[in-house]
Structure formats: structure tokens, C-alpha cells
Amino acid sequence: MSKISKAFENGKAFIPFLTCGDPDLETTAAAVRAAAANGADLIELGIPFSDPTAEGPVIQAANLRALTAGTTTDKVFDLVRDLRKDVTIPLVFMTYANVLFSYGAEKFIATCQEIGIDGLILPDLPYEEKDEFLPLCRQYGVDLISMIAPTSENRIAMIAKEAEGFLYLVSSLGVTGTRSEIKTDLASIVKVVRENTDLPCAIGFGISTPEQARAMATLSDGAIVGSAVVKLVAQYGKDAPAEVGKYVKTMKDALR
């Protein structure tokens, strides 16, 4: 059984996202530990990439800051090795297919297994092309996490049937970023997901307030928050971990 299922054992899951190396790797490490200590059930770690097509301005800027600071894939692997000395909750990487290609897909995925990464989210990998990485992910016990978007329509059942780890439901069209309201008919998407898999599903893109998180978790098994967390890091820099911890606690409390 996938370790990712542990994230959904304590009621509704709260899943924050952090860009590794923004503003530096030491701050990322402290922020991850603060998030875990304050109730995060699973943490998404973004490996910075020069062309993060799914990201809005907030996370794009974080990618740029991290790359400018000299963050590399190998340094992110070392960060996770350090985190795994005391962080026990599931950790997944969110990055882009090109990062795996340029590193060497098998070497990348084998290293994920070695350092204790439980899953991979690749927003630019279409469902139809997942066999590019799926056999390697299965070989090394790393869940390849599928995303379902409001435009997936007649593909929702197909994606859900073959999903691993958990299903990432994209709340809105467009890129990541906070939104004042989420208008997608998510209930009907979740209904199709439930009919086709027992895996948990969590909703991300556009969630920033406790009220939004609670609303999304009422529909699904958890809420994913990226831009709102990354904004705190941009605002507070090296002092961000304490603020990230406070924010995670507020959001997790809203889901209880």
C-alpha cells in the first residue's frame, strides 16, 4: 500500500506546497519542518524549473529566485535526505517532465526511492503519455500522481481508474494562484472519481483561505495550497518558516 494513503488517515488532508531553494535551501528545510509540526499531512516540494508552465506569477517568481540562488536537482535531493532524518509524513515532488529527462529518468526516480520521496506530480505530462515514466515509477515504488482538470470531462473515469497515490483535482482553468472564488462544478467531477477509484482525491489551484479549504475538503478528501504559502516565503524570506507554520495550523484547523 502506498505511503501516501497515510496523509488521508487523520480526517481531511492539508497539503502545502513549497518551492525548494526559495530564498535558500536552509529556509525551505525549516519551512517544511514547521509545516509538518503544525499539521501538514503531506508536503509537495517543487523542484525549480526555468519554464514552469502550470504556474502563475507567484510560483514562477519563486522558481526564478530558487534558480538564481543556485538550486539544483542534486541539492534538492540532499535537502530531502536531511529532511528524512526527522520528517515522517509523505513527501512528493512537483516538477516538470524536462527535469526528469535532463537528469535521466531512471536515475531521478531511483534517487526518489533512495531518499524517501513517495510520489511525483508532473503537470505537463498528459495522461496519454504517462507510460514514459510509469514503469520506472512502479519499479522503484514511487507513485505517479495524476491530475484531473475541469476540461478532462470524458477522460475523468479513465484517469481515475488508473490513478496511483492520490488524485490531484485542479479546481479552475488557468495557472496556479489565489482566487477570490472557485466556480467549477467540482462535485460532479468528484462523483465520477468516486465511481471509478477508492483512492483519495484532493483539490488544488486557487485555494488560499480557511473557508475555501473547508469548502474544498467538504467535496473531497483534502485541500492543496501553493501560491498562498509561497507568498509568505516571498514576504518574509529567511523568517518565513514561523509564518508558514502558523498558516498551516490555521488551514489544518479549518479542515478538522
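**Salt bridges and the exposure of their partners**

Arg84 is partly exposed, at 23% relative accessibility (buried is under 20% relative accessible area, exposed over 50%, partly exposed in between; 1.4 Å probe, protein chains only). The model is predicted: local features need pLDDT of at least 70, side-chain atom pairs pLDDT 80 or more, and totals for chains, interfaces and linings use all residues. Residues are numbered from 1 along each chain as written, and side-chain values use heavy atoms, without hydrogens and water.

The structure contains 17 salt bridges (a Lys or Arg side-chain nitrogen within 4 Å of an Asp or Glu carboxyl oxygen). In one of them, Arg84 pairs with Asp118 at 3.0 Å, N to O. Arg84 sits in the loop between α3 (73-83) and β3 (91-94), and Asp118 in the loop between α5 (105-115) and β4 (119-121), so the contact ties together parts 34 residues apart in sequence (DSSP runs: helices H or I, at least four residues; strands E, at least two; numbered from the N terminus). Asp118 is buried, with a relative accessible area of 8%.

A salt bridge of 2.9 Å, N to O, also joins Glu162 and Lys130. Because Glu162 belongs to the loop between α7 (156-161) and β7 (167-170) and Lys130 to the loop between β4 and α6 (134-139), this pair ties together parts 32 residues apart in sequence. Glu162 is partly exposed at 39%, whereas Lys130 is buried at 9%.

The side chains of Lys191 and Glu195 meet at 2.8 Å, N to O. Both residues lie in helix α8 (residues 186-196), four residues apart, about one turn of the helix. Lys191 is exposed, at 52% relative accessibility, and Glu195 is exposed at 52%.
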